[in-house]
Amino acid sequence: MLVYSVRRLIQSIPILVASTFVIFLMVASSVDPMTPYLTKKPPLSAAQLDSLRVKFGLTKPLLQRYWDWLTGLVLHGTFGSSTQTNYHIGQQLGYAMEVTLRLVVGTILIALILAVIVGVVTAVRQYSKLDYATTTIGFLFLSLPTFWFAVLLKEWAIQFNEATGTHLFDTLWESSPNPPAGFLPQLGDAAQHMILPVVTLALLSYAAWSRFQRASMLEVLGSDYMRLARAKGLSPFRVMFRHGLRNALIPLTTQVALDTAALLSGAVITETIYSWRGMGLFFISSIQMADPNSVMAWLLVTAVFVIVMNLIADLLYAVLDPRIRLA
Amino acid sequence: MAKDRNRGRGRLTVGMAAIGALALAFTAACSSSKASTTQTSANENTWNTINTASVKDGGTVTVGIEKQLGDWNPLDSSISADQVYALDGVYYAGAFISDPDGSVVLNTNTMASATLSSTSPETVVYKIKPGAVWSDGTPIDASDFVYDWLVNSGTDPNMLNASSTGYNDISSVVGSDGGKTVTVTFSTAFPDWKSLFGPLLPAHIAAKHGYDESMTLAQLTADVKAENGATTSTGAVLQLENSFNYFSNTAPPVSSGPYEVTNAPSDGSSVTETKNPKWYGDGGHLATMVFKYIADASQEPTALQNGEINVMYPQPETDLVTQVKGMGSSVKYQIAAGYEWEHFDFNLNSTALGGKTESAQEAADKVALRTAMLTAVDRKAIIARTVGLFDPASKPLNSRLFIPQQAGYTDNISKYGLGSGSSSSAESILKKAGFTGIGTALKYPDGTAVPALTMRYTSGNSIRQTECNLFASEMKALGITVNVETTSSLGKSLTHAAGYDYDVIVFAWVDTPFPNSGNYSLYVTGQGQNYGGYTSAQVDALYKTASSSFDTATVNSDLNKIDNILSQDAITLPLYQKDQMVAYDSTLGNVRINSTAQEFTYNVQEWGYVSGSASPSS
């Protein structure tokens, strides 16, 4: 498995390099860091604008700019200099990843546990009242636009705060501007800020995943090997979880892996509404600030997420189904 | 099985309907109307006094801002308005400040006086208050003025300062009286001298980061000349740049304002300021001010309602204003027309509308075409469909060089019929000039067709999209095809980059309390922001006169003459002043709109929780 993993990672390097080149060309042709400076009032002098073009490396040929960026990344581990003042791309990206990771881990844990439980139960009790109820709720969440659901949650939270005279729910930021001193109070502050965005993402993710899990479980329940397991006299628990659930998790694994890569790239709407400065806002801000190297950094990290999450999904297949051999 | 499925579908339908009804009821409950928020209306009589209150000491105010804080240097060209808000409290005090009504007044906390002692050569004597000190105890003195002058002088092209206007006319800055008196002499007259020495950077801190305090302008000029246009400086010039960049990259190490920065995370998400213990001026009531980044302005009202912020200063939009209006008596807000104004501009480089030379632009058919087009524009209709939706008081702006709250404001637009929306007048102008095909396919008097014009607006801006669509439909009635397109880069369009160029464009200018120097680069031939390529010897001559006059009445008269010429030449049409809005916790006193570049935090030392109120966080 280790050899397989290493080989897959090595194979992904040329794909990554090729994609960075394509992306660099696209970014260079669409993001102009001079844009904010061209409309300043009072205007910058022609000499100042020339100086900025030199500073941003815009006077160099495109291929040289790409080579400089690539060698900077490979040899020095840097993403290049930002066009924003006092802005270190690596540092900001690291912070954004940490924020998004916090959001995603909470989301996946809740959504996955809910989805698996609901998926299994509703498959086993197909067409029961519980099945109809969870199916209806699932479709409701599936049909809700994220922005609408998030805003609704915020309104509800504010009304709850006002009605109870408390401040249980925070509607903005990943922590208070000046969090309380001490590890535990800070942890509490962070947890309080996590409630709404995590609930938003978790319920919306749960809705899709529970449908996958239900469908997959239904297919497995009707399979020959399940009948054989029951005929052999295995306990219902063992049949369900050892033979049924394990196989039924494979399609969900693919879906969760892909969704996790997407979430790690930034839940743009959720992060914007709750003002969480994660990967989504990093990307939006990089575009708004016309900062090509920041955009490149985001795209590169996102591509790595997709490759790694796909690899993890492949590895999990082998864990879930011993018949799958990785070679 | 089929029966079960049908029964299942029935239950599913009922279930979904029930949950749908619940969701709708929930939404309705959430949006149920509350007592209306108090609007304190700012008008020309109350600009400087609105929301005046006696306040108590203590408490924390959190202000929502829409950009991450990165650049800390108020003189840097990359500084944004949000950064100015956060810096106002710790400013880097200056000689003058702009009040909300646009009047420029002496900063009496820091300055004892500033007097124009001679007009030939222009000489200004500044006297700094003896007690005015930086927060580390160092006196604010002439060395700070000298540093400001050198970095703003425009001598070093690699210095990315925001503006050299006026500073490049200074020949000397001399300190006396222990540095507390500063005499500034100009080589070229600069009547708007009050616009200079706004935020003063601490020279003694600059000296620790490369600046040689003995440097003179002559030395700087010689050193820059010796570099022969190199894009990377060396020696003392580089050191001066380094000191300037230090202030850009570092949270203010010292303060000359009522607050000092005590926490500024490197991620730029917030800045916390506490009272400057060496503050020498009046006020300074709040204990702490926090400026915190909010990614989406439309989320600010809920944050204000939930007590996460106490003040917000967003660009007003219909939904946002409606939301604030429904927030009850715990929130107050002010909306007022500000210094930013929207306008349609022609690109006179386009042969369809003019040409590169004055004679081409002044050709009778081109002037008639432009005049007819601007006459057909119905500004009131545009306002009703855009900003009028949330501010019924919004009205057409009738000057390009003044806004109504400035003394020189005169209607130089409507008397020419521009922006009236009168298609009959427009048609009459065209007919008189010999145009044919009016209302169908317009042709110049020589019979050639008026080509289809490209009109651009910034992509994603729905208000401008509406403005452009209305313009296009009004032009269609004249027989002119206007293709409305977006631009992803306003800068590239204005500078006529290939693929981004335009015939007509809509964007906004931000005016200043200095209509003379502030607008010079917009209409004088060859100036940097004369994007439409307008050229008029008459306008250039009038600007030359206005730029050297110290008599306000003469300046205003000259500027209005220029505005009249611009109307006669029909090169641009002002639409309306953009609104500004501030909403705040109703227990906060002395918070008010200031639509000048000084912004709403211009008076943070006066802010505080109203005496007798329960401060939400003290």
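**Cavities and strand pairing in the predicted model**

In chain B, strand E14 (331–346) and helix H15 (515–523) each contribute at least two residues to the lining of the largest cavity. This cavity belongs to a predicted model, in which two cavities of 30 Å³ or more are found. The space in the largest cavity comes to about 110 Å³. Its lining is made up of 13 residues, and those closest to the cavity centre are B:Asp345, B:Leu522, B:Asn530, B:Gly532 and B:Ile571. Sorted by class, the lining of the largest cavity comprises eight nonpolar, four polar and one charged residues.

We turn next to the other cavity. The second largest cavity holds about 90 Å³ of space. From chain A, its lining takes in A:Tyr87, A:Gln92, A:Tyr95, A:Ala96, A:Arg277, A:Gly278, A:Leu281, A:Phe282 and A:Ser285, while B:Gln68, B:Asp267 and B:Tyr293 line it from chain B. Two helices of chain A, H5 (89–124) and H12 (279–288), each provide at least two residues of this lining. In terms of class, six nonpolar, four polar and two charged residues surround the second largest cavity.

In E9(B), which spans residues 181–186, five of the six residues are buried, leaving the strand mostly covered. Strand E7 of chain B (residues 122–128) runs antiparallel to E9(B) and is joined to it by five bridges; here B:Val125 has B:Thr183 as its bridge partner. Strand E8 of chain B (residues 170–176) is likewise antiparallel to E9(B), with six bridges between them. Within this pairing, B:Val184 of E9(B) stands opposite B:Val173. E8(B) and E9(B) form a hairpin with four residues between the strands, and B:Asp177 in this hairpin adopts a positive phi near 55°.

Looking at individual residues, B:Lys56 is found opposite B:Tyr609 of E20(B).

Definitions and conventions: Residues are numbered from 1 along each chain as its sequence is written. Chains are lettered from A and ligands numbered from 1 in the order in which they are written. This is a predicted model: local features need pLDDT of at least 70, side-chain atom pairs count only at pLDDT 80 or more; totals for chains, interfaces and linings use all residues. Side-chain values use heavy atoms; hydrogens and water are left out. On a 1 Å grid over the protein atoms alone, a cavity is a set of points where a 1.4 Å probe fits but cannot get out, and a pocket is an open set with protein on both sides within 12 Å along at least five of seven lines; lining residues have an atom within 4 Å of a point. Grid points are joined across faces, edges and corners, and a volume is the space filled by probe spheres set on the points. Ala, Val, Leu, Ile, Met, Phe, Trp, Tyr, Cys and Pro count as nonpolar, Asp, Glu, Lys and Arg as charged, and the others, Gly among them, as polar. Buried means under 20% relative accessible area, exposed over 50%, partly exposed in between (1.4 Å probe, protein chains only). Two strands pair if DSSP finds at least two bridges between them.
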